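Hello,

Here is the structure I promised to pass on. My notes follow below it.

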Amino acid sequence: MKKSSKFLPTSGAQVHACSCVRCDKAVIGWSMWFSEYLFLERSWAKDENTLKAGIQRLKDFPRPFWLALFVEGTRFTQAKLLAAQEYATSQGLPVPRNVLIPRTKGFVSAVSHMRSFVPAIYDMTVAIPKSSPSPTMLRLFKGQSSVVHVHVKRRLMKELPETDEAVAQWCKDLFVEKDKLLDKHIAEDTFSDQPLQDIGRPIKSLLVVASWACLVAYGAYNFLQWSSLLSSWKGIALSAVGLAIVTILMQIMILFSQSERSTPAKVAPGKPKNNSESSEARRDKQQ
């Protein structure tokens, strides 16, 4: 996750319509810090050692674990898709329609350091059916549900290529497959002819959330009794002001969670494969 997100004490979840793997935690920020997430600065010079050290710690981790990698590296927007399409055209790569071009350095590093103790990669693609509204932070806070379709394919680690360059190409080819898979979902509202498996609502997650809610409510009740905030008009006014501030901060965080407000894509200008090709001819090809 991006390093700055670990300072956010907010609740929520994000689902991306064209993702490889998306974080499935119900809370972000502090809980990710406590759960030993790897926080990156989007600079390979700084992140390489962070990623390597974090993966080495997982080698002796006492319990089964998941390491979720979001290979696109940023949230999907139409502006970022356009930038990816322009880059792909300039480099002679397959032009994406539903995904961004994967950033493979982190994936290659993870595969290189985890081959010996991780048996498989779960390739996941997430899409939102046409009949369901997109899941957002605001819908979550309102208690409104959304439906998402998840396509999962297990790929054995031993079947991956040996060299770093080949692993990077394997990942890029995988995203070409994902693009076609999402084309199918857009056209047919399903990933395959196999019946959908409804996983239902997990009881464990409900129990965890309910337990924490009861604990926080009990603590708040005891604090109000101890502080006598609600026993005077001054205390009531202070409580109202505090609640208003928290509400405003949550609204600001909700706005910044929208994909349209995420960091703009930074795509290095690529050189066309045929340097002798005129700019007019390139424009004609793109049209």
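In what follows, buried means under 20% relative accessible area, and exposed means over 50%. Please keep in mind that this is a predicted model.

Start with helix H2, residues 44-59. Its 16 residues should span 22 Å at 1.5 Å a residue. The end C-alpha atoms are 22 Å apart, so the two agree.

Which residues of H2 are buried? They are Asp-47, Leu-51, Gly-54, Ile-55 and Leu-58. Seen down the axis of H2, these buried residues fall within an arc of 95°, so they line one face of the helix. The face turned away from the buried side of H2 carries Ala-45, Lys-46 and Asn-49, which are exposed. Helix H4 (105-114) is among the elements that cover the buried residues of H2.

Next, the core. The largest nonpolar core has 24 residues. Those with the most contacts inside this core are Phe-107, Val-111, Ile-121, Met-157, Leu-160, Trp-170 and Cys-171. At least two core residues come from each of H2, H4, strand S1 (120-127) and helix H6 (164-188). H6 gives the most, with 8 residues.

Setting aside neighbours within four places in sequence, Trp-170 is in contact with Phe-107, Arg-155, Leu-160 and Pro-161.

Last, the annotation. An unreviewed UniProt entry marks residues 206-224 and 236-256 as "transmembrane region". Over residues 206-224, the model is 100% helix and 0% strand. The end C-alpha atoms of residues 206-224 are 27 Å apart.

Best wishes

Definitions and conventions: Residues numbered from 1 in each chain as written. Predicted model: local features only at pLDDT ≥ 70, side-chain atom pairs only at ≥ 80, totals over all residues. Heavy atoms only, no water. Helix = DSSP H or I, 4+ residues; strand = E, 2+ residues; numbered from the N terminus. Expected span 1.5 Å × (residues − 1). Buried < 20%, exposed > 50% of the residue type's maximum accessible area, 1.4 Å probe, protein only. Arc of directions from axis to C-beta. Contact = heavy atoms within 4.5 Å. Core = buried A, V, L, I, M, F, W, Y, C linked by side-chain atoms within 4.5 Å. UniProt positions renumbered as here; feature names shortened; annotations may be inferred.
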